[in-house]
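Here is a short briefing on one protein chain. Look at the model first, then read the points below.

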Amino acid sequence: MRQALSALTLLCAVLTASLARAEVVNVYTSANFAPLLIGGGSQGLYPELIDYLNRQQLGDLSFRLHYLPRKRLQMRLESGKLDGIVIGMMPAWLNDEDQRKYLWTVPFAIDRFVLVSRREQPVNPAVAGALYGKTIGLTLGYVYPGLDEWIRREGLHRADALSEEINLEKLRLDRIDCVAVSESVARYYLKSHNAENRFTLFNLPGRQTERRFLVPQGQADVYERLAPVIRKLKDDPAWQRILSKYE
């Protein structure tokens, strides 16, 4: 009995020491929509990527995902007070195209913007004058590099909502004319609502969306361990199977 208690005490001590050594890396996202976050944030592309990283056993790093509204996230970044890294950003969104403010991984997913409209009332950007005076659903507080000027030039009226999914619901209810949204988000919404035949998607001008990890300069040690793993994702069949579920 005494030996069993000693063994248990030793095991607890080892576990406690292991936990003490583990470095928790907070991973923030301002995205709150499917397929990036599903089911209140417990499922989706981002949670699966965080689980994947934790399975790689990157030294003593343990990654934990947190939601933070875009404005608050950006304020903490710009003030240097963010206690972690960011998932799903791209340099153009933060005026860091030369990648000098922050450390950036290579993209772990590529997306593009599409214009979604109801099939019975399609809004085709290729038709001259088809967009003028129409209402377009966009996400509150977001900047759309390459699209904002196009929206103004085409005479569209911006109608903001808190999320892309809310915009798609407004479109379904005929409260707006069209929605500019990431293609992955649009296709996941249509699939999950069995509505592929009710809407039309048109490609929009502008650059592709690159989903990367942003790491503040002061956390270069985290970046050095994270970046090689993200670089190899494209060649990992296990990750490609995960990614295919959300495409």
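**Cores**

The largest nonpolar core has 47 residues, and Leu 49, Leu 53, Phe 63, Ile 85, Phe 108 and Phe 213 touch the most other members. A nonpolar core is a set of buried Ala, Val, Leu, Ile, Met, Phe, Trp, Tyr and Cys residues joined through side-chain atoms within 4.5 Å. Buried means under 20% relative accessible area, exposed over 50%, and partly exposed in between (1.4 Å probe, protein chains only).

The model is predicted: local features need pLDDT of at least 70, side-chain atom pairs count only at pLDDT 80 or more, and totals for chains, interfaces and linings use all residues. Residues are numbered from 1 along each chain as its sequence is written, and side-chain values use heavy atoms, with hydrogens and water left out.

- Helix 2 (residues 45-55) gives this core its largest share, six residues. Helices (H or I, at least four residues) and strands (E, at least two) are DSSP runs, numbered from the N terminus.
- Follow Leu 53: leaving aside neighbours within four places in sequence, Leu 53 is in contact with Leu 58, Phe 63, Phe 213, Leu 226, Val 229 and Ile 230. Contact means heavy atoms within 4.5 Å.
- A second, separate core holds 15 residues, including Leu 131, Trp 150, Leu 156 and Ala 180.

**The whole chain**

- The chain has eight helices and 11 strands.
- Its C-alpha trace spans about 80 × 40 × 35 Å along its principal axes.
- Of the 247 residues in the chain, 45% are buried.
- Take the contacts in the chain with a separation of 6 or more: 70% of them join residues 24 or more positions apart.

**Pockets**

- Rolling a probe the size of a water molecule over the atoms shows where empty space is left.
- A pocket is found on a 1 Å grid over the protein atoms alone: it is an open set of points where a 1.4 Å probe fits, with protein on both sides within 12 Å along at least five of seven lines, and lining residues have an atom within 4 Å of a point.
- The largest pocket holds about 360 Å³ of space. Grid points are joined across faces, edges and corners, and a volume is the space filled by probe spheres set on the points.
- Its lining has 24 residues, and Ala 109, Ile 110, Asp 111, Leu 243 and Glu 247 lie nearest the centre.
- Strand 5 (109-111), helix 6 (183-192), helix 7 (220-231) and helix 8 (237-244) each give two or more residues to this lining.
- The lining of the largest pocket has 13 nonpolar, three polar and eight charged residues. Here Ala, Val, Leu, Ile, Met, Phe, Trp, Tyr, Cys and Pro count as nonpolar, Asp, Glu, Lys and Arg as charged, and the others, Gly among them, as polar.
- The second largest pocket has a volume of about 220 Å³. Of its 14 lining residues, Tyr 67, Pro 69, Arg 70, Leu 140 and Leu 162 lie nearest the centre.

**Backbone details**

- The peptide bond from Ala 34 to Pro 35 is cis, with omega near 5°. Pro 35 sits in the loop between strand 1 (23-29) and helix 2.
- Asn 95 is not a glycine, yet its phi is positive, near 50°. Asn 95 is exposed, with a relative accessible area of 66%.
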